[in-house]
Amino acid sequence: AMDTVVRIALFVEQSAAEPLFNLATAEIDRLDSILSHYSAASEVSSVNAQAGTVPVAIGADLERVLQRSLFLSRHTQGAFDVSLGALTALWDFPHARRVPHPASVDSALSLSGYEHLELADARLRFAVPGLRLDLGAAAKGYVVDQIVDLLRSAGVRAGLIEAGGVCEGVY
């Protein structure tokens, strides 16, 4: 999901393992189709293409990720910021090979900043055209949380979900 490895370890009866794994991977695929900026068909890619010009209606999952992210951005004075897509694109993560030119970094910084995200009534607008979302850790954390909730609801009492370093136990 979101160009990372997801590990699922479940402590269940052998007969239950495959259906539960399939349930979890289907949810990962669903969330990836919403939250990944690596896929041109994702909701995030669509928002990145449109929200700099008009407010864009967004789905419940993306809205929850953005609400959580904006809360963290405000409380970390921007140390956590999902609006840095213009910057991460310069490095071409996850395939970064070289440091971008300082002028390019300055230009990308002018197209960044959580304070330019206007989220209200399930609509998102970028106050700065050219700003781009890169949900990174926010998406990974959300995916892990959703999978844990889903597996708990399915009766799993013990396990571990990890996505790119974001990890939570099921118990």
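Which residue is the bridge partner of alanine 57 in strand 4? I looked this up first. In strand 4, alanine 57 has arginine 123 as its bridge partner. I note that the model is a predicted one.

**Entry: the sheet**

Strand 2 and strand 4 pair over 2 bridges, in the antiparallel sense. The sheet is open and is formed by 3 strands in the order 2-4-3, with antiparallel pairing. I then checked the edges. Strand 2 (56-57) and strand 3 are the edge strands, and each pairs on one side only.

**Entry: helix 3**

Next I looked at what lies across the sheet strands. Helix 3 lies across strand 3 and strand 4, and runs at about 125 degrees to strand 3. I checked the span of helix 3 (residues 60-75). Its 16 residues reach 23 Å from first C-alpha to last, close to the 22 Å expected at 1.5 Å a residue.

Which residues of helix 3 are buried? I list Asp61, Leu62, Glu63, Val65, Leu66, Ser69, Leu70 and Ser73. Just after helix 3, glutamine 77 takes a positive phi of about 50 degrees.

**Entry: the core**

I turned to the nonpolar residues. The largest nonpolar core has 36 residues. Leu35, Val47, Leu62, Leu133 and Leu135 have the most contacts inside it. Two or more residues come from each of helix 1, helix 2, helix 3, strand 4, helix 6 and strand 5 (159-163). Helix 6 gives the most to this core, with 8 residues.

Not counting residues up to four places away in sequence, leucine 135 touches Leu35, Val44, Leu62, Val65, Leu66 and Val82. Leu62, Val65 and Leu66 are among the buried residues of helix 3.

**Entry: leucine 87**

Is leucine 87 buried or exposed? Leucine 87 has a relative accessible area of 11%. The cut-off for buried is under 20%, so leucine 87 counts as buried. I placed leucine 87 in helix 4 (residues 85-91).

Which residues does leucine 87 contact, leaving aside neighbours within four places in sequence? I found Val105, Ala108, Leu109 and Ser112. I took one of these, leucine 109, for a distance check. Leucine 87 and leucine 109 are 22 residues apart along the chain, and their C-alpha atoms are separated by 6.7 Å.

Note on methods
Residues are numbered from 1 along each chain as its sequence is written. This is a predicted model: local features need pLDDT of at least 70, side-chain atom pairs count only at pLDDT 80 or more; totals for chains, interfaces and linings use all residues. Side-chain values use heavy atoms; hydrogens and water are left out. Helices (H or I, at least four residues) and strands (E, at least two) are DSSP runs, numbered from the N terminus. Buried means under 20% relative accessible area, exposed over 50%, partly exposed in between (1.4 Å probe, protein chains only). Contact means heavy atoms within 4.5 Å. The expected span of a helix is 1.5 Å times one less than its number of residues. Two strands pair if DSSP finds at least two bridges between them. Axes are lines fitted to C-alpha atoms, for helices over the stretch in contact, and angles run from 0 to 180 degrees between N-to-C directions. A nonpolar core is a set of buried Ala, Val, Leu, Ile, Met, Phe, Trp, Tyr and Cys residues joined through side-chain atoms within 4.5 Å.
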